Amino acid sequence: MTTGNSPSTQTRRPDRAALAIAVFLAALAGLIFWDSSRLAKVASYSGIGPATIPFVIAGGLLFLSAWTVFAALRADFPVRERQEVAPVVWIVGGLAAQMLLLKPLGFSIATGLLFAATAAAFGKRKLWISIPLGIALCLGVWLIFSGLLQLSLPAGPLEHLFW
């Protein structure tokens with residue numbers, strides 16, 4: 001028999017990322033508990049008021065936080081693969097562009113650019129195809145929301161051509 005550090009006998013350290021997520025979940029639960037405790041106590045025949053569901057959600061988040069701590073201390077999470085940065089940058093850039101361009105250019109163009117950036121993040125780098133396709137799809141969504149559902153989405157120059 002050999003004595004050594006074989007991979008099956010090595011103990012893994014607690015997962016620090018999972019512990020950070022557990023702390024975030026607990027802080028979010030505490031914030032929801034605090035905020036919903038400030039709601040007015042409304043007496044009703046069933047005892048359920050406006051603070052009931054936020055308390056349930058906060059309790060669920062607290063349970064998930066405790067479960068995450070337990071799993072992190074047991075090193076129960078699988079080893080994660082290396083994070084690819086480029087797709088995240090494409091998507092975050094698309095979201096930033098949408099937020100900046102939503103008011104001046106309208107829903108269709110801004111969200112079409114987000115569609116193209118997300119497609120590029122997933123490997124479809126032919127922007128000359130995905131940008132017009134995204135704008136056309138988003139214009140269809142805008143027409144449905146604005147025309148049929150009577151909901152207000154930001155209108156830009158393209159939307160003013162149709163409405």
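1. Let me start with Leu 148, which sits in helix H5, a helix covering residues 127-148. This is a predicted model, so please read each point below with that in mind. Leu 148 counts as exposed because its relative accessibility is 69%, and the cut-off for that label is over 50%.

2. Leu 148 also belongs to a nonpolar surface patch of about 550 Å².

3. Does the length of H5 agree or disagree with its residue count? The helix has 22 residues, which at 1.5 Å a residue should span 32 Å. The end C-alpha atoms lie 30 Å apart, so the two values agree.

4. H5 has a buried set as well: Ser 130, Gly 134, Ile 135, Cys 138, Leu 139, Trp 142, Ser 146 and Gly 147. A reminder that goes well with this list: an α-helix has 3.6 residues a turn, so residues three or four places apart point the same way. The cover over the buried residues of H5 includes helix H4 (107-121) and helix H6 (157-162).

5. Ser 146 deserves a look of its own. This residue of helix H5 has a relative accessible area of 14% and is therefore buried, as the limit is under 20%. Beyond its neighbours within four places in sequence, Ser 146 is in contact with Leu 151 and Trp 163.

6. Thr 68 is part of helix H2, residues 52-73, and with 14% relative accessibility it counts as buried.

7. Finally, the chain as a whole. The protein chain has six helices and zero strands, giving the pattern α-α-α-α-α-α along the sequence. Of its 163 residues, 24% are buried. Among contacts with a separation of 6 or more, 58% join residues 24 or more positions apart. The accessible surface comes to about 11,900 Å², and carbon and sulfur atoms account for 72% of that.

Methods: Residues are numbered from 1 along each chain as its sequence is written. This is a predicted model: local features need pLDDT of at least 70, side-chain atom pairs count only at pLDDT 80 or more; totals for chains, interfaces and linings use all residues. Side-chain values use heavy atoms; hydrogens and water are left out. Helices (H or I, at least four residues) and strands (E, at least two) are DSSP runs, numbered from the N terminus. Buried means under 20% relative accessible area, exposed over 50%, partly exposed in between (1.4 Å probe, protein chains only). Contact means heavy atoms within 4.5 Å. Accessible areas come from the Shrake-Rupley method with a 1.4 Å probe; for residues, only the protein chains shown count as cover. Patches are made of residues with over 30% relative accessible area and no salt bridge: like charges are joined within 9 Å, nonpolar side chains (Val, Leu, Ile, Met, Phe, Trp, Tyr) within 5 Å. A salt bridge is a side-chain nitrogen of Lys or Arg within 4 Å of a carboxyl oxygen of Asp or Glu. The expected span of a helix is 1.5 Å times one less than its number of residues.
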